[in-house]
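Please look over the model below before using it. My notes follow as numbered points.

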Amino acid sequence: MAASSCCQARWLLPLLLLAAAAGALGAEGASSIVQLDVESLLPSAAAPCPTPQAEQKQGAAPPTRMPVVHQHGPCSPLADNRNGKAPSHAEILAADQRRAEYIHRRVAETTGRARRRKQGAPVELRPGTPPSSIVVPSSSSATSTTDLPASYGVALGTGNYVVPVRLGTPAERFTVVFDTGSDTTWVQCQPCVAYCYRQKEPLFDPTKSATYANISCSSSYCSDLYVSGCSGGHCLYGIQYGDGSYTIGFYAQDTLTLAYDTIKNFRFGCGEKNRGLFGRAAGLLGLGRGKTSLPVQAYDKYGGVFAYCLPATSAGTGFLDLGPGAPAANARLTPMLVDRGPTFYYVGMTGIKVGGHVLPIPGSVFSTAGTLVDSGTVITRLPPSAYAPLRSAFSKAMQGLGYSAAPAFSILDTCYDLTGHKGGSIALPAVSLVFQGGACLDVDASGILYVADVSQACLAFAPNADDTDVAIVGNTQQKTHGVLYDIGKKIVGFAPGAC
C-alpha cells in the first residue's frame, strides 16, 4: 500500500487505468496515483491477527522494540467482545475533535496567544488507605479532602494505539496508550478513591512492589509537574483532560520494564481517582518533550530517540522502538522546532501535493499556524486556507476517476460511495505533505481515506476553525511510516514502508 514518492514516479496501476486517470490528474500519470484495497480497511472477524513484532531480547542490538496495536482492534489485548464493544466511528471522531481543540488551546497558551476559556472545576481527592496514604495539601492540612487544581491534558479519545509495559518489582504487565502529546506517564492504582474507570487488567498495587516509593514534595521532581499538590511530604499530581476526563493521585517512582530493558526510579503518576474516556487501557505512556516524559527521564539510556510505525489497518501490528539506531536509508528528515513551545513535536510544513502537483498555498499559511506531529490525533487538521485547496484538488481528481460523492460524516466533509468497488482495488490521487529541508510524508493509500462504511469513505483531513490554529499531522496519515523523533539532534523523520 505504499504511496507514490514525492521525489520519484512509481508505476502502480495498469496502463489502461493510468491512461483513464491521466486526464483528471495531469501529465504526471503514474506518479499521481496510488492503489487502495477497499476490503483491507473494512472490519473482518475472520481475519487472523499477524504475528506481533517481537520484543527485543536482552543483549540484542538497539533499539528496544515493543509491539504496537490499535487499542480497539481485534489484535488488541484489551479487546473483549463479551463485556463491551469498540466505539463507533462517530464517537471516535467526536473524541478526536475534543483532542484537537485541546491542543489548539494548549499551544495558544504556551505561545502567548491564549484565548479565554472556562476553567475546569478542581477534582477532589479523598483520603485512601495506607501505605499510599493520600494526604491533603499543607494549605489545608486540617481538612479531610484535597482540592487539587488539575492541569489540562490531551483528551485521549478513542482512536489511539497501545503498547505493553511492565511496572514494579516483581514486574506486572500493563497495556497503556502511548502518546507523543503527553509528558507524564500514569497508571491506575489501588486503592481506588471514589472511582476508577474499568480497565481490562488488574490495577497496579504499589504495596506489592518492593521498589515503589512516593516522591517527596521537597524533591525537584515534584516541581517538574505542570500542576502539583502536597501534604505530609508527599507529592500529588492531577491531570484533567479536555473532555472532562481526569486522573489524580500520587507522583511516585518504581522500576519500569520496556521489553527487556529496566529503568529504575522511573517517575509516574499512581492514579487513585480516575474517570473518563480511556478505553480499557491501564494508563498512558508519555512520549512528549517535557521533563516528566519517558524520552527525557531515560535520556541517558535512549539518547532521547524513539520511533514508531502504525499499521495500515486496526487488525495489523506495528512497533515502538526506543533508543538510537541508524535511521532507515529512506528516512526523510526535517528539523524539530523546539522553540515553538513545550511537550509537542513541532515541524515546519511548507506545502501539500495532490496527484503529484504542489497546491497553490502561500507559505505564510503554514508559517503563521505552525505544525506539530501527534500520535494520538486521528485526523490531520489543516488551516482553512490550506484545507480548501486540498479539498478542491482531491474532489476534482476523484470526480475525474468516476467516484460518486456521499454525504459528509462527522468532521469529514469530502466523502465517496465505494459500494461498487468493494472486494477490489481502487485508484486514488496521491497526497503528500512537504516539510522544511525537503522532507516528504507520502501518505500511504490506507491513510488517505477514513472509511466509516463502504458507502461513506471520506478524505481523512479536516479544517481548523481558524488559520492561526496549529496544524496537526494525525496518526491516520502516519500509517505504515516509521516516524522518528530525536530530541538530541532536534529532528523528526518519516520512513515509508516501515511496517
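**Notes on the model**

1. Start with the surroundings of Asp-374. Beyond its neighbours within four places in sequence, Asp-374 is in contact with Arg-99, Ile-103, Asp-179, Thr-180, Gly-181, Tyr-308, Ile-472, Val-473, Gly-474, Asn-475 and Gln-478. Note that this is a predicted model.

2. Asp-374 sits in a loop, between strand S21 (371-373) and strand S22 (380-382). With a relative accessibility of 0%, Asp-374 counts as buried, because the cut-off for that class is under 20%. Its side chain makes a polar contact of 3.4 Å with the side chain of Thr-180, and Thr-180 is also listed among the contacts of Asp-374.

3. Which residues does UniProt list under "active site"? The unreviewed entry gives Asp-179 and Asp-374. The two annotated positions are spread over 196 residues of sequence, yet they cluster in space, with a largest C-alpha distance of 7.7 Å. The annotation comes from that record.

4. Asp-179 belongs to strand S7, which covers residues 172-179. Is Asp-179 buried or exposed? Asp-179 is buried, at a relative accessible area of 0%. The side chain of Asp-179 has a polar contact with the side chain of Arg-99, at 2.6 Å. Arg-99 is in contact with Asp-374 as well.

5. Some totals for the protein chain. The secondary structure consists of eight helices and 33 strands. The chain has 499 residues, and 57% of them count as buried. Taking contacts between residues at least 6 apart in sequence, 73% join residues at least 24 apart. The accessible surface is about 19400 Å², and carbon and sulfur atoms account for 53% of it.

6. Next, strand S33 (residues 491-495). Five of its five residues are buried, so S33 is largely enclosed by the rest of the structure. Both faces are covered: one side carries Ile-491, Gly-493 and Ala-495, the other Val-492 and Phe-494, and all of these are buried.

7. Which strands pair with S33? One partner is strand S17 (residues 332-335), which pairs with S33 in the antiparallel sense over four bridges. Within this pairing, Leu-333 has Gly-493 as its bridge partner. Another partner is strand S32 (residues 482-486), joined to S33 by five bridges and also antiparallel. There, Gly-482 has Ala-495 as its bridge partner.

8. S32 and S33 form a hairpin, with four residues between the two strands. Lys-490, in the turn, has a positive phi of about 60 degrees.

9. An open sheet of four strands has the order S20-S19-S26-S27, and its pairing is antiparallel. Strand S20 (357-358) and strand S27 (440-442) are the edge strands, each pairing on one side only.

10. Within this sheet, S27 is joined to strand S26 (residues 431-435) by three bridges, and the two run antiparallel. Ser-432 stands opposite Asp-442 of S27. Helix H7 (residues 384-400) lies across strand S19 (349-354) and S26. The helix runs at about 15 degrees to S19.

Technical notes: Residues numbered from 1 in each chain as written. Predicted model: local features only at pLDDT ≥ 70, side-chain atom pairs only at ≥ 80, totals over all residues. Heavy atoms only, no water. UniProt positions renumbered as here; feature names shortened; annotations may be inferred. Buried < 20%, exposed > 50% of the residue type's maximum accessible area, 1.4 Å probe, protein only. Polar contact = N/O pair within 3.5 Å; in protein donor to acceptor, adjacent residues only side chain to side chain. Contact = heavy atoms within 4.5 Å. Areas by Shrake-Rupley, 256 points an atom, 1.4 Å probe, with all protein chains shown as cover. Pairing = 2+ DSSP bridges. Axes fitted to C-alpha atoms, helices over the stretch in contact; angles between N-to-C directions.
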